Amino acid sequence: MGRRWIPVAAASILAGYVPGPAGGEALRFEVDPEASRIEFVLQATAHKVRGTMRVAGGSVEADLDSGRLAGEIVVDAASAETGNRRRDRKMHERVLESRRFPRIRLLPRRLEGPVRWESPFEADLSALLELHGLRHAVEIPLRVLLTPGRLEADASFDVPYVAWGLEDPSFLLLRVAKKVHVKVHLVAAGPVARSPVPAGED
């Protein structure tokens, strides 16, 4: 990943509006589902399938000393749609199985990269992506804008859903890619509280 988390820089940026010492404590951000959005693109024979999903909610805590993250971002799997009822029914019944697995969860673990105040910066997120009840380690590049009371993050990455055990929806002459490309725009309010970040899986 090539970049290091700089806790001193992060503390100096955020200490101005988080009372008390930052050492060993976490900044907590609450996800805004209404302002956040998820888009996905699946390459198919001679065309691309485009769809959306809704963010259901969640919160993230960031330890300024270590770069450790905790919390979860929850996605409503049942909200996935592509604008084609027949295709969407197949997607929910056979691929996502959204009745059995109604939630997709991203569990952030660590952030690496320089932090800047009121200016976009890039960082690398290490996380676990829980899909179909199984957790997979992912590394996601982020573009982040941090302003008083608000955090915005954009991510663009591939999910190898077939390799992760989901059904390949290809049929006869209709072939689709084994990976789906996902774009996320996440908005969160905060920091709104502080609490220790528990040790988690890396």
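Trainee: How many salt bridges does a search of the whole structure find?
Mentor: The model is predicted: local features need pLDDT of at least 70, side-chain atom pairs count only at pLDDT 80 or more, and totals for chains, interfaces and linings use all residues. Residues are numbered from 1 along each chain as its sequence is written, and side-chain values use heavy atoms, with hydrogens and water left out. A salt bridge is a side-chain nitrogen of Lys or Arg within 4 Å of a carboxyl oxygen of Asp or Glu. On that rule, the search of the whole structure finds 12.

Trainee: Take R103 and D76. How many residues apart is this pair?
Mentor: Their side chains meet in a salt bridge, 3.4 Å from N to O. R103 sits in strand 5 and D76 in strand 4 (residues 69-81). Strands (E, at least two residues) and helices (H or I, at least four) are DSSP runs, numbered from the N terminus. The pair links distant parts of the chain, with a separation of 27 residues.

Trainee: Is D76 buried or exposed?
Mentor: Buried means under 20% relative accessible area, exposed means over 50%, and partly exposed lies in between (1.4 Å probe, protein chains only). R103 has 42%, so R103 counts as partly exposed. D76 has 13%, so D76 counts as buried.

Trainee: Which residue meets R100 in a salt bridge?
Mentor: R100 is exposed, at 59% relative accessibility. The N to O distance is 3.1 Å, and the partner is E97.

Trainee: Where does E97 lie?
Mentor: E97 is not a glycine, yet its phi is positive, about 45°. Its place is the loop between helix 2 (85-95) and strand 5.

Trainee: D168 and K178 also meet. How many residues apart in sequence are the parts they tie together?
Mentor: The side chains of D168 and K178 form a salt bridge of 3.3 Å, N to O. Both residues lie in the loop between strand 8 (150-159) and strand 9 (180-194), so the parts tied together are separated in sequence by 10 residues.

Trainee: Which residue of strand 7 stands opposite E130?
Mentor: E72, R105, E130 and R135 are linked in a network of salt bridges. Strand 6 and strand 7 (residues 134-147) run antiparallel, joined by 11 bridges. Two strands pair if DSSP finds at least two bridges between them. Opposite E130 stands R135.

Trainee: How many residues of strand 6 are buried?
Mentor: Strand 6 covers residues 121-131 and is largely enclosed by the rest of the structure. The reason lies in its count of buried residues: of 11, that count is 10.

Trainee: What is the bridge partner of L106 in strand 6?
Mentor: Strand 5 (residues 103-112) runs antiparallel to strand 6, and seven bridges join them. In strand 6, the partner of L106 is L129.

Trainee: What is the phi of H132 in the turn?
Mentor: Strand 6 and strand 7 form a hairpin with two residues between them. H132 lies in this loop. H132 counts as buried because its relative accessibility is 15%. H132 is not a glycine, yet its phi is positive, near 60°.

Trainee: How far apart in space are T147 and P120, C-alpha to C-alpha?
Mentor: T147 lies in strand 7. Its relative accessible area is 22%, so T147 is partly exposed. T147 and P120 are 27 residues apart in sequence, and their C-alpha to C-alpha distance is 9.8 Å.

Trainee: Which residues form the positive surface patch?
Mentor: Patch residues have over 30% relative accessible area and no salt bridge; like charges are joined within 9 Å, nonpolar side chains (Val, Leu, Ile, Met, Phe, Trp, Tyr) within 5 Å. Lys and Arg count as positive, Asp and Glu as negative, while His and the chain ends are not counted; charges are placed at NZ of Lys, CZ of Arg, CG of Asp or CD of Glu. One member lies in strand 2 (residues 37-44) and is partly exposed at 45%. The patch is formed by R37, K48, R50 and K183.

Trainee: What percentage of the protein chain counts as buried?
Mentor: The secondary structure comes to two helices and nine strands. From the N terminus, the order is α-β-β-β-β-α-β-β-β-β-β. Of the 202 residues, the buried share is 46%.

Terms used. Accessible areas come from the Shrake-Rupley method with a 1.4 Å probe; for residues, only the protein chains shown count as cover.
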